[in-house]
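Hi everyone, and thanks for making time today. I'd like to walk you through a structure that may be new to you, so let me put it on the screen.

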Amino acid sequence: MWDYSDKVKEHFFNPKNAGAVPDANAIGEVGSISCGDALRLTLKVDDDSEVILDAGFQTFGCGSAIASSSVLTEIIKGMTIDDALKVTNQDIADQLEGLPPEKMHCSVMGREALQAAIANYRGEEWADDHEEGALICKCFAIDAVMIEEMVWANKLRTVEDVTNFTKAGGGCASCHEDIEAILEKVLAEKGETFDPEAPAVTKKPAIAEVKGPLTNLQRIKKIEEVLESLRPALMADGGDVELVEVMGNTAYVNMTGACNGCQMAAMTIAGIQQRLMEVMGEFIKVVPASEMKKLVNIEVA
Amino acid sequence: MTDIYLDNNATTKVDHAVVDVMIPYFLEQYGNPSSIHKFADGVARGIKRARQQVQELIGAEHDSEIIFTSCGTESNSTAILSAIKAQPNKKEIITTTVEHPAILSLCDALEKDGYTIHRMPVDKAGRLNVESYKKLLSDQVAIVSVMWANNETGTIFPVQELAQLAHDAGVMFHTDAVQAVGKIPMMLQDTKIDMLSLSGHKLHAPKGIGVLYLRRGTRYRPLLRGGHQERGRRAGTENTASIVGLGKACELALAHIEYENTQVKAMRDRLERGITEQIPHCFVTGDLYNRLPNTTDIAFEYIEGEAILMLLNKAGIAASSGSACTSGSLEPSHVMRAMDIPYTAAHGTIRFSFSRYNSMHEVDEVLKVMPGVVATLRKLSPYWEGDGPVANPEQAFKPTYA
Ligand SMILES: Cc1ncc(COP(=O)(O)O)c(C=O)c1O
Ligand code: FES
């Protein structure tokens, strides 16, 4: 079974705010029985202050769908609807102390139900803008639809291109066969053929690879340069990275925004480390700044 | 209360007697069976005996028809790849839509290599149409691979009849009998089955040991080439302890086959009846009149399988689900889709699978817990209101986007 956090189990076994709020004035419904996931969120919003006084959920779905719904109602109760709209699916996942990548869509569903409920309160139309496909890359939780769209939109031709655009395939590499299958399919639809040997159409931002030993200052500059080149991909996910300190060949970084605390952070750090080593031609260890003190102590001891 | 294990189609507990016969092969007779010294002199004999024990359980004519492999999946791959390699001009394969991924994924891959795969559909009760099968048989077909019993529903396919028809058309026949062996009697020498796969861990032997039965005279190409083990048909130093353990497990399975089809079946039937009588809006899937004695797969409408399993697990009960969520995909199991089980139920299927280690007392415990589990989740479901489903659920719950 899934390795659910204690928080997920807590919210699943003892869900908060289950059932519909009786005099609700905001109702959001997402999902459907055919997808195996459906959520109805009912809110009681105070018309003067726009504060969410009460929230209730009804969910058809797996353990993490029920836990996500439950924690969502807890998060938003007492918030104004404007603040509630700022709640991201990552906030939901964080409150649950993480979700397995295959289950991140449960937190997405929670956020969508919230948007739908608030749109309903305001008398607006709410349109779902995201379609979901089979999970392809488990390291970065990227699904088939996302990859297909990127391949179409950006004329991608190789696995490396897909990795550069979506991160899919940039971790353990075990999804490369599936990514190739998507490339084959989409390229065939476009009347082209997939050539596994083709050069990537996208280039990683050109950074001169360094030769020879580095001084510490050169090393720091180079690390900054590499982080800068990776920043767009991270920001696309609502995250960022910041270099805090370099000691010998260890770089301490702060992951901020959506990357912070997300279970993908460890994976992202591994990716950054890989890239740094490629460029610098030497062994570099990337460590979250939060572990800095601990490690220094060990070194001293 | 001790935990209740009703997930025996996933894997089984190793029988104590099996562990006992294995231990000497780790600690004393650990020599390579090919070696000539006293650390190995009993090993060849142990393996030969195991081969005969397997032979007896499946009713093979010769013990040399038993090839030990590393698992059911390897046996399946070996069978199909052997058939296409040995008959390079035949480019078609017949199988079913409800096979285990060990067959389906391989066929998907072969399709990309240019093979034509005929995946026979099943009806709502999970049954094949023999007439349309006959029409598919031709001299273009390299192999038919049809499972003996389905792992999710327990539905038994008429493989002996299908094998006869294939034989008459000159087509090789393989069956994935991983779920059937040890649960129902079989006598392969009286059939036209050319190849059969079985797996130790489904019958109280360890994981990682399997068998490919290969009828004498069937054209064959090994998957693994190397040493002369298994008469050159499956190279690699023998997994001696597991082979001996599997032999013992087969002997025990044969001794219990009557018990399986009476006592174990009685437990299954009692659970099934108890659940369907007590709980509204649930039904048994598969072919109720042609099923393994140990398996029941029940669909609970308007709730989701993984959530059911988590509540059962909390109550100390282990079962499994064909729900999408347990596998991380978005679609319910391919078996449920193949049987056209409505979506309102397909996501909420739970498989209970018994073994001779279960007891009637355990059945009663599950019957005490199950109604509460289902009611708890239905109370959370937007498709349920009070004592029944909301009228016309697909209409009542209609999200703002399609
Ligand atoms: C019908 C069927 N075939 C094949 C397998 C795979 O067997 P193994 O786990 O030994 O590879 C299983 C077990 O999950 C099965 O149920
Ligand atoms: S699964 Fe895609 S890189 Fe690991």
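Before any counting, here is how elements are assigned: helices (H or I, at least four residues) and strands (E, at least two) are DSSP runs, numbered from the N terminus. What you see is a predicted model, where local features need pLDDT of at least 70, side-chain atom pairs count only at pLDDT 80 or more, and totals for chains, interfaces and linings use all residues. Residues are numbered from 1 along each chain as its sequence is written, chains are lettered from A and ligands numbered from 1 in the order in which they are written, and side-chain values use heavy atoms, with hydrogens and water left out.

Let's begin with chain A. It holds eleven helices and eight strands. Of its 301 residues, 47% count as buried, where buried means under 20% relative accessible area, exposed over 50%, and partly exposed in between (1.4 Å probe, protein chains only). The accessible surface of chain A is about 14,300 Å², and carbon and sulfur atoms account for 51% of that; such areas come from the Shrake-Rupley method with a 1.4 Å probe, and for residues only the protein chains shown count as cover. Contact means heavy atoms within 4.5 Å. Among chain A contacts between residues at least 6 apart in sequence, 58% join residues at least 24 apart.

A173(A) is not a glycine, yet its phi is positive, at about 75 degrees. With 34% relative accessibility, A173(A) is partly exposed.

Now over to chain B and helix α6, residues 159–168. Which of its residues are buried? They are V159(B), L162(B), A163(B), L165(B) and A166(B). Down the axis of α6(B), these buried residues fall within an arc of 160 degrees, so they line one face of the helix; the arc is that of the directions from the helix axis to the C-beta atoms. As a reminder, an α-helix has 3.6 residues a turn, so residues three or four places apart point the same way. The partners that the buried residues of α6(B) pack against are α5 (130–136), β5 (141–145) and β6 (172–176) of chain B. Just after α6(B) comes G170(B), with a positive phi of about 75 degrees.

Next, ligand 1. Of the 13 residues around it, T73(B), D176(B), Q179(B), S199(B) and K202(B) come nearest; a residue is near if one of its heavy atoms lies within 4 Å. Helix α3 (residues 72–86) of chain B gives the largest share of this shell, three residues. What about individual atoms? The side chain of D176(B) has an N or O atom 2.6 Å from a nitrogen of ligand 1, and the side chain of S199(B) has an N or O atom 2.5 Å from an oxygen of ligand 1. These are polar contacts, here pairs of N or O atoms within 3.5 Å. Taken alone, ligand 1 exposes 400 Å², and the protein buries 87% of that.

Last stop: Q278(B), in helix α8 of chain B. Q278(B) is partly exposed, at 43% relative accessible area. Leaving aside neighbours within four places in sequence, Q278(B) is in contact with L367(B) and P371(B).

Technical notes:
A polar contact is a pair of N or O atoms within 3.5 Å; within protein, one must be able to donate a hydrogen and the other to accept it, and residues adjacent in sequence count only if both atoms are side-chain atoms.
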